[in-house]
Amino acid sequence: MKKAEITAFLSLTFVLLVSFVLGILEISIIHTSGNLSRLTVDRAVFSVFGEYHVKLFSDYQVFAIEGSYGTGEFSEEKLTGRMKYYGAAGIEQDITGIQYLTDQNGQAFREQVLQYMEDKYGLSVIRGFTGLTSKWEEQALQGEEMAVMQMAQLIAYFSRAGENYFSGALRVVPVGNTEIAAGMLQQITGADLFKIDPLLPYAKDYNECIAQAQEDQRRGARPELRSYPDSLEPYDTIYLGYPNYWGTMPMPVFTFLERFDFTGKTIKPFCTHEGSGLGRSESDIRRLCPGAKVEKGLAIQGSSVKSAEDALRKWSQK
Ligand SMILES: Cc1cc2nc3c(=O)[nH]c(=O)nc-3n(C[C@H](O)[C@H](O)[C@H](O)COP(=O)(O)O)c2cc1C
């Protein structure tokens, strides 16, 4: 049952508040120092109105009571009954107005408390920390927006070290092209890095790898990965890096994409290749991650990856 939420002004010096929120009010020390945080002030403001604290009344001549006497229906008699209980019956009373505590998001309530604290204790500093509740809401909203802006980014990439073609000749490299690009991007963005590593790696031998990758694609394999991120929850943007394998992503990248729900996230694909660019990888990503926003990908010539920094910077800042 919803209890009455009413503010009654009983006299100029005596404010009687009726509130259903009392249950959640907590007593805290009313700080009088200049470095009050808004949270502290808010708590202090509410604590002034904590029910059952007769001391608050005797010390501050202000307190809050439940004006329905537990019935959920406010009435003046019940209010007076409550006041007697608090020993306030002898006070000259003149009800000058009634307001719901929740009016304008509790602005009326706050205004009274702040005024009281200011008059009584000269706590003008409090104003600086409070102001209109609408302002607070605005600030809270801005805070949320900032939190969103500050969400983390992830670079998830697949890359293979070993034998590969460079300027028409086979060469063995200790670090794959996409891994080099991912490292540059990490330097630029500060994003977290995750390597999409299949449990059974493709062969270091180029021709063997070509055959394995083609076979995986032909049978629509989803090779198991060595590990997975615990969650992608903290990330709003995922840079997805991979080499072009037979016109699209290597199948372990499919495994990775199918593992998580990318709804609401932004995926930025970057691909190293030797002539086919991104191939059909972007449309494959869209198909695998229907809820994600898939941005225009960046294609990098694998054998020229070392000069890709500028392109990566420009693209990542778009
Ligand atoms: C199995 C395999 C398939 C490939 N298929 C293509 C392709 O279809 N088109 C293309 O342009 N390059 C293709 N390449 C070249 C790679 O995309 C390129 O060398 C890439 O930079 C390798 O990245 P990594 O060193 O990070 O593994 C292929 C390479 C391999 C090993």
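## Helix α9

In helix α9, spanning residues 251-259, the buried residues include Met251, Pro252, Val253, Phe254, Phe256 and Leu257, where buried describes a residue with 20 or more other C-beta atoms, placed from the backbone, within 10 Å of its own. Helices are DSSP runs of H or I with at least four residues and strands are runs of E with at least two, numbered from the N terminus. The cover over the buried residues of α9 includes β5 (152-157), α8, β9 (235-243) and α10 (281-288).

## Basis and confidence

This is a predicted model, in which local features need pLDDT of at least 70, side-chain atom pairs count only at pLDDT 80 or more, and totals for chains, interfaces and linings use all residues. Residues are numbered from 1 along each chain as its sequence is written.

The mean pLDDT, the predictor's confidence in each residue from 0 to 100, is 73 for the protein, with 53% of its residues at 70 or more. Over residues 1-58 the pLDDT is below 50, although this stretch has 123 contacts in the model beyond near neighbours in sequence, a contact being two residues whose C-beta atoms, placed from the backbone, lie within 7 Å.

Strands β6 (residues 162-166) and β7 run antiparallel and are joined by 5 bridges, pairing being assigned if DSSP finds at least two bridges between two strands. Glu163 stands opposite Val172 in β7, and in the hairpin, which has 2 residues between the strands, Ser167 takes a positive phi near 50°. Strand β7 (residues 169-173) is hardly covered, with 0 buried residues among its 5.

Definitions and conventions
Buried ≥ 20, exposed ≤ 12 C-beta atoms within 10 Å, placed from the backbone.
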